[in-house]
Amino acid sequence: PPVMLDFVKTINDEEGPLEETRQRYCPNLVTLLQFANSLHVCLACIVENVHEFPFEGELGLEASVEWLLDSARMHSIELHSYLDFLKTVMDNSPFFLSKEDARASMVLDHMGGVFHELIVHSRSVEEIPFSVEHAGSVLHYEFSTKKNDVGFGLRLVKDDLTFQELLENQRYDCSKNQVKDEIVLRSEGNYVVQFDNSFSRFTKKVISYRLACIPPEGSG
């Protein structure tokens, strides 16, 4: 929806929704970074003047290195603790979806489900990932644009994260005539539907689409 798109565009603005989060949590991160920089400066000074340090004693090389190591360990503990805390904050933030929620929001409809609207901005590609549990499932797809053409393709994501192109990315002039077709998915696994507008320099595409993955009979 347009309201959500406007929100996404402004989420990182200076006065945007994340500004309070930055003001509340960034100072601690800056302090940790300054601490790390200070440790690097101390290490550089020790290395540069190593021959001028006595080996033993309160200000000796051995004590200085031990102090530096203790400080580095403390910094590591504090940094990991802070990052764990920040992860908890972000996981519970209302501004973000978990990976599971994002995938759930893209669950494919059974035929007869509602059409979804998708905006693909110029010079960009939008992907819709989905999983197939049964080989021989049939993907039904329908889509059209309000104006102009758009690219459409289908990929199988292999275990090594490479892709097998099942439907080569092809441009469809579907503003007047809806594209409607199906393809048999020969293997289970992860797939990606692509709507491609990377060829357009200035024009966004508004797409109405519906996808349905129907398992084979007897698959339970």
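Me: In what order do the 4 strands of the open sheet stand, and what is the sense of their pairing?
Reply: The order is β1-β8-β3-β6, and the pairing is antiparallel. Strands are DSSP runs of E, at least two residues long, and two of them pair if DSSP finds at least two bridges between them. This is a predicted model, in which local features need pLDDT of at least 70 and side-chain atom pairs count only at pLDDT 80 or more. Residues are numbered from 1 along each chain, and side-chain values use heavy atoms.

Me: What makes β1 and β8 a pair?
Reply: They share 5 bridges in the antiparallel sense, and the definition asks for at least two. One of the residues involved is E117, whose bridge partner in β8 is S208.

Me: Why is F143 called buried?
Reply: Buried means under 20% relative accessible area. F143 has 0% and F152 has 1%, so both qualify.

Me: What makes the F143 and F152 pair stacked?
Reply: Rings pair if their centres lie within 6.5 Å, and planes under 30 degrees apart count as stacked, over 60 as edge-to-face. Here the centres are 4.6 Å apart, with 20° between the planes.

Me: Why is the pair of F143 and F195 edge-to-face?
Reply: The ring centres are 5.5 Å apart and the planes stand at 80°, so the pair is edge-to-face. F143 lies in β3 and F195 in β7, so the pair ties together parts 52 residues apart in sequence.

Technical notes: Phe/Tyr/Trp six-rings, centres within 6.5 Å; stacked < 30°, edge-to-face > 60°. Buried < 20%, exposed > 50% of the residue type's maximum accessible area, 1.4 Å probe, protein only.
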